[in-house]
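Hi everyone, thanks for making time this morning. I'd like to walk you through one protein model, so please have a look at the screen.

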Amino acid sequence: MVLADDEALLRKALAAPLPLEGDIAVRAEAADGEDAVRATPRYRPDVLVIDLEMPGVDGLSAVAAIRSVRPDQVILMLTRHARPGVLRRALKLGVQGFVSKSAEPAHIASVIARQLRLAEGTVRNYLSNAMRKTQAQTRHEAARYAREHDWL
């Protein structure tokens, strides 16, 4: 794993317990987006865990640069405040998951362990929940509602 976050205390606090949660090795730490762009192709991690908000090259810009050299890189984004428009941009860049910075390291490890894959049944459940919450009759109506309300 490559772990990128500009907050050294948080980055170190997250990097230390992750190897204790299972078969996870933090191969490199990056202090900003530029470091993440350099470290990811160099260390070729199974997963890049990157902060959304960093000075200079932010998480989204770093992800875009990384995608140009490692299009299949699995990416998990750390965030404090996830606004729908930002999440939409991250998803368009191929970010596979989001985790709050307040999450326990064990939660992050379990997301990485599952390699951010979703079973078909899970997707069906998400669609059903979206249809119920938007009071839509079809998944297309639910998607349209979500787009109109800037959720996607």
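Predicted model: local features only at pLDDT ≥ 70, side-chain atom pairs only at ≥ 80, totals over all residues.

The protein has seven helices and five strands. Starting at the N terminus, the order of elements is β-α-β-α-β-α-β-α-β-α-α-α. There are 152 residues, and 36% of them count as buried. If you take contacts between residues at least 6 apart in sequence, 58% of those join residues at least 24 apart. As for the surface, the protein exposes about 9000 Å², with carbon and sulfur atoms supplying 51% of it.

Now the sheet. The five strands make an open sheet, in the order E2-E1-E3-E4-E5, with parallel pairing. E2, residues 28-30, and E5 stand at the edges with a single partner strand each, so one side of each has no neighbour in the sheet. From one strand to the next, the twist averages 20°.

Just past the end of H4, Gly-94 has a positive phi of about 95°.

In H3, the buried residues are Gly-59, Leu-60, Ala-62, Val-63, Ile-66 and Arg-67. Down the axis of H3 they fall within an arc of 155°, so these residues too line one face of their helix. On the face of H3 turned away from the buried side sit Ser-68 and Val-69, which are exposed. The cover over the buried residues of H3 includes helix H2 (33-43), strand E3 (47-51), E4 and H4.

So what about the interior? The largest nonpolar core has 19 residues, and Ile-50 and Met-77 have the most contacts inside it. Two or more residues come from each of E1, E2, H2, E3, H3, E4 and H4. H3 gives the largest share, four residues. Met-77 is worth a click: beyond its neighbours within four places in sequence, Met-77 is in contact with a list of residues including Ile-50, Leu-60, Val-63, Ala-90 and Phe-98. There is also a second, separate core of 13 residues, with Leu-3, Leu-18, Val-74 and Leu-76 among them.

One last stop: is Thr-79 buried or exposed? Thr-79 lies in strand E4, which spans residues 74-79. Its relative accessibility is 7%, and the cut-off for buried is under 20%, so Thr-79 counts as buried. Leaving aside neighbours within four places in sequence, Thr-79 is in contact with Leu-52, Val-99, Ser-100 and Lys-101.

That's my tour, and I'm happy to take questions.

Definitions and conventions
Residues numbered from 1 in each chain as written. Heavy atoms only, no water. Buried < 20%, exposed > 50% of the residue type's maximum accessible area, 1.4 Å probe, protein only. Contact = heavy atoms within 4.5 Å. Areas by Shrake-Rupley, 256 points an atom, 1.4 Å probe, with all protein chains shown as cover. Arc of directions from axis to C-beta. Pairing = 2+ DSSP bridges. Axes fitted to C-alpha atoms, helices over the stretch in contact; angles between N-to-C directions. Core = buried A, V, L, I, M, F, W, Y, C linked by side-chain atoms within 4.5 Å.
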